[in-house]
Amino acid sequence: MIDSKGTHFPKDVILFAIFFYLRYQVSYRDLEEIMEERGVDVDHGTLNRWVVKFAPLLATQAQSRKKPTAESWRMDETYIKVKGKWTYYYRAVDNTGKTLDFMLSERRNKAAARRFFKRAIGTNGVPDRVVIDKSGANLAGLESVNVILKFMGSGNTIKILQVKYLNNIIEQDHRFVKRITGPMLGFKAFHSAEATLAGIETAHMIRKGQLHANGLTAFQQFAALAA
């Protein structure tokens, strides 16, 4: 999936650099220095291009290979700065804290919430219940998904709960993403933010044991996604 042809670097070097950036609190310039100390002369601009190009591909593979998740969901959104403005980052985990899905949006409204829930259901199936905050937009988005489910005649609709303390697990889970994005000091473009966040979520899923490890280290699991 990752082809190092046309580059001056082996595939494992590219993957190591991407993983290190997505997993630890470093800037591209920090990573440039770290790679140089390991005998790899690569500039921060190239490191950025690697992450933006390959992180979404690795994230897609992680979603398709992750272990089954529970049918009780916790959904919330946090904030990510892009081009100096705050955007909305929708995320969902199951009731054990396993990552379900994520989506960056320039708006926080019913349409964005509906789009996120449809995406998450497409990846994980229809949940039994979803816990959300007191946001009217999230409630309206989820209710519109239930309308679609009724129209399709599936017989399954989603129980909606708005109980703040039950959402502590997703609010705590945001912290890992925010800790990694902190040194980045915001993103310059929406597409690069999407790509980088997808990669961060992939590293976080590995950290939470959502992939079949088979005795592999975290980096080896990450690299296996590129096979």
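Q: Starting from the rule that a salt bridge is a side-chain nitrogen of Lys or Arg within 4 Å of a carboxyl oxygen of Asp or Glu, which residues are linked in a network of salt bridges?
A: That network links R91, D173, E201 and K208. This is a predicted model, where local features need pLDDT of at least 70 and side-chain atom pairs count only at pLDDT 80 or more, while totals for chains, interfaces and linings use all residues. Residues are numbered from 1 along each chain as its sequence is written, and side-chain values use heavy atoms, with hydrogens and water left out.

Q: How far apart are N and O in the K208 and D173 bridge?
A: The N to O distance is 3.3 Å. K208 sits in the loop between α7 (190-207) and α8 (218-224) and D173 in helix α6 (residues 168-181), so the pair ties together parts 35 residues apart in sequence. Helices here are DSSP runs of H or I with at least four residues, strands are E runs of at least two, and both are numbered from the N terminus.

Q: Is K208 buried or exposed?
A: K208 is buried, at 18% relative accessible area, and D173 is buried too, at 10%. Buried means under 20%, exposed over 50%, and partly exposed in between (1.4 Å probe, protein chains only).

Q: How many salt bridges does the count come to?
A: The count is 8. One of them joins R108 and D133 at 3.9 Å, N to O. R108 is in the loop between β3 and α4 (110-124) and D133 in the loop between β4 (129-131) and α5, so this pair ties together parts that are 25 residues apart in sequence.

Q: Switching to strands, how do β2 and β3 pair?
A: Strand β2 (residues 85-94) and β3 are antiparallel over 6 bridges; two strands pair if DSSP finds at least two bridges between them. Y88 stands opposite S105 in β3.

Q: And what about the hairpin between them?
A: The hairpin has 4 residues between the strands, and G97 takes a positive phi near 95° there. As for cover, 7 of the 7 residues of β3 (residues 99-105) are buried.

Q: Which residues form the nonpolar patch on the surface?
A: I148, F151 and M152, with about 380 Å² of accessible area together. Such patches take residues with over 30% relative accessible area and no salt bridge, nonpolar side chains (Val, Leu, Ile, Met, Phe, Trp, Tyr) being joined within 5 Å; areas come from the Shrake-Rupley method with a 1.4 Å probe. F151 is in helix α5 (residues 136-152) and is exposed, at 76%.

Key
Patch = residues over 30% accessible without salt bridge, like charges linked within 9 Å, V, L, I, M, F, W, Y side chains within 5 Å.
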